[in-house]
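Welcome! Please take a moment to look over the structure below, and then we can walk through it together.

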Amino acid sequence: MDILTKAKKRLSRFLRVFFKKKRARIGIYGPPNAGKTTLANRIVRDWTGDALGPVSEIPHETRRARRREDVTISNGNGDSIVIDIVDTPGVTTKIDYHEFTEYGIEKEEAVKRAREATEGVAEAMHWLREDIDGVIYMLDATLDPFQQVNIMMVGIIESRTLPVVIVANKIDLPDASPARIKSAFPQHPVISISGLEGTNVDELYDKMIEFFG
Amino acid sequence: MIQGVQLDLISEERLARLTSMEKIRLILDEVMAGNIVVLEKGLSPEESSRLIEMTMMEISPDGFSGIEMETYPARAQGGGLLARLFGGGRESPSRLTVIGPANQLKMLRKERDLISAWVSSR
């Protein structure tokens, strides 16, 4: 870490103590099925021993934003941050209840899930506008990062000048291509992980301390 | 009668005369009527955020299922120290944008400088 970064962190800590600033709320954003809840659970489990929410292969399993307060993340150098982790519903521009019936869910339940999912997306957008101080943007590294929702969301995050770390998830899968994500968003740090297996998560923690601290 | 899809190309000048909510309402009304909208200049990030929210409110079972929207990634911004300090360097330019009903507009291929889409009639 260079002298300028160290000075910036010291000043940031001083200002936070001086002005009694609230803990930073870090939102985990991304399209459905990128692995947001898996990562949120891993972070919360690694640092508090708890979990945040259920995971599923069915899209829109997370239909309400969930927050875990006072998560302290530290590294071997003695640096640490205390944050609130907010796991958010996957952001999309379209939701059709047939997405759920394809997984064997009955129509009535699928319609209910679709309605909750639409409310969840609107809620996630509202959190981003009002209550989020930094973003972990999750992408499935096996998919095309140029999907419109990613371009829109990264644009929205940049316009709010929020610090963002992009996570290329699912690197345990053979089709994963974190390099494609790095080339799509060269202006932001990209960390490659497997949230499921825990691969490289320590590098993400280091980056979170550096960026959100 | 010839079957087809209505395509509305909206100029930058016309968009500039509209407020954010008017733009979003115009887009959603057109798209919910089954039309494809092409904006000469795309939406700001704030407008995109509101458009996602309002789209979610309009979705209904067996009716409107949302929008498909395509635009190019923002061009890399230069901007010196002063521009960054005052926020000017972070403003992403909005570019040509195509928006349509999710069940009629499908993206075929997308690169930094090419969007290839397929449109079906209802």
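Predicted model: local features only at pLDDT ≥ 70, side-chain atom pairs only at ≥ 80, totals over all residues.

## A first look at chain B

Let us begin with chain B, which has 122 residues, 27% of them buried. Chain B contains 4 helices and 6 strands. Read from the N terminus on, these elements follow the pattern β-α-α-β-α-β-α-β-β-β. Among the contacts in chain B that join residues at least 6 apart in sequence, 70% link residues at least 24 apart.

## How confident is the model?

For the model, the scores are ipTM 0.81 and pTM 0.84. Chain B has an average pLDDT of 83, and 81% of its residues score at least 70.

Where in chain B is confidence highest, and where is it lowest? The highest mean belongs to helix α2 (residues 20-32) of chain B, at 96, while the lowest belongs to helix α4 (residues 81-85) of chain B, at 45. Across residues 78-92 of chain B, pLDDT stays under 50. For that stretch the model has 18 contacts beyond four places in sequence.

## The sheet of chain B

In chain B, 4 strands make an open sheet in the order β1-β2-β4-β3, and their pairing is mixed. At the edges are β1 (7-10) and β3 of chain B, each of which pairs on one side only. On average, neighbouring strands of this sheet are turned by 15° against each other, direction ignored.

Take β3(B) and strand β4 (residues 97-101) of chain B as an example: they run antiparallel and are joined by 5 bridges. In this pairing, B:Glu70 has B:Val98 in β4(B) as its bridge partner. Helix α2(B) packs on the sheet, where it touches β1, β2 (36-39), β3 and β4 of chain B. The direction of α2(B) makes about 45° with that of β4(B).

## Where the two chains meet

Which chain gives how many residues to the contact? Chain B provides 26 residues and chain A provides 22 residues. On the side of chain B that touches chain A, α3 (45-58) and β3 (67-71) of chain B each supply at least two residues. The most comes from α3(B), with 9 residues. By type, the residues on this side of chain B are 11 nonpolar, 8 polar and 7 charged.

## The sheet of chain A

Chain A has an open sheet too, built from 6 strands in the order β2-β3-β1-β4-β5-β6, with mixed pairing.

The strands β2(A) and β3(A) run antiparallel, with 7 bridges joining them. Here A:Ile73 stands opposite A:Ile81 in β3(A). One is α2(A), which touches β1, β2, β3, β4 and β5 of chain A, and its direction makes about 50° with that of β2(A). Another is α7(A), which touches β1, β2, β3, β4, β5 and β6 of chain A, and its direction makes about 105° with that of β3(A).

## A closer look at helix α2 of chain A

Helix α2 (residues 36-48) of chain A has 13 residues. From its first C-alpha to its last, this helix reaches 18 Å, close to the 18 Å expected at 1.5 Å a residue. The buried residues of α2(A) are A:Lys36, A:Thr37, A:Thr38, A:Leu39, A:Ala40, A:Asn41, A:Arg42 and A:Ile43. They pack against several elements of chain A, including β1 (24-29), β4 (134-140) and α7 (201-212). After α2(A) comes A:Gly49, with a positive phi near 85°.

A:Ala184 sits in helix α6 (residues 178-184) of chain A. Is A:Ala184 buried or exposed? A:Ala184 counts as buried because 21 C-beta neighbours lie inside 10 Å, and the cut-off for buried is 20 or more.

Apart from neighbours within four places in sequence, A:Ala184 is in contact with A:Pro145 and A:Phe146. A:Pro145 is 39 residues away from A:Ala184 along the chain, yet their C-alpha atoms are separated by 6.6 Å.

Notes:
Residues numbered from 1 in each chain as written. Chains lettered and ligands numbered in written order. pLDDT = per-residue confidence, 0-100. Contact = placed C-beta atoms within 7 Å. Expected span 1.5 Å × (residues − 1). Buried ≥ 20, exposed ≤ 12 C-beta atoms within 10 Å, placed from the backbone. Nonpolar A, V, L, I, M, F, W, Y, C, P; charged D, E, K, R; others polar. Pairing = 2+ DSSP bridges. Axes fitted to C-alpha atoms, helices over the stretch in contact; angles between N-to-C directions.
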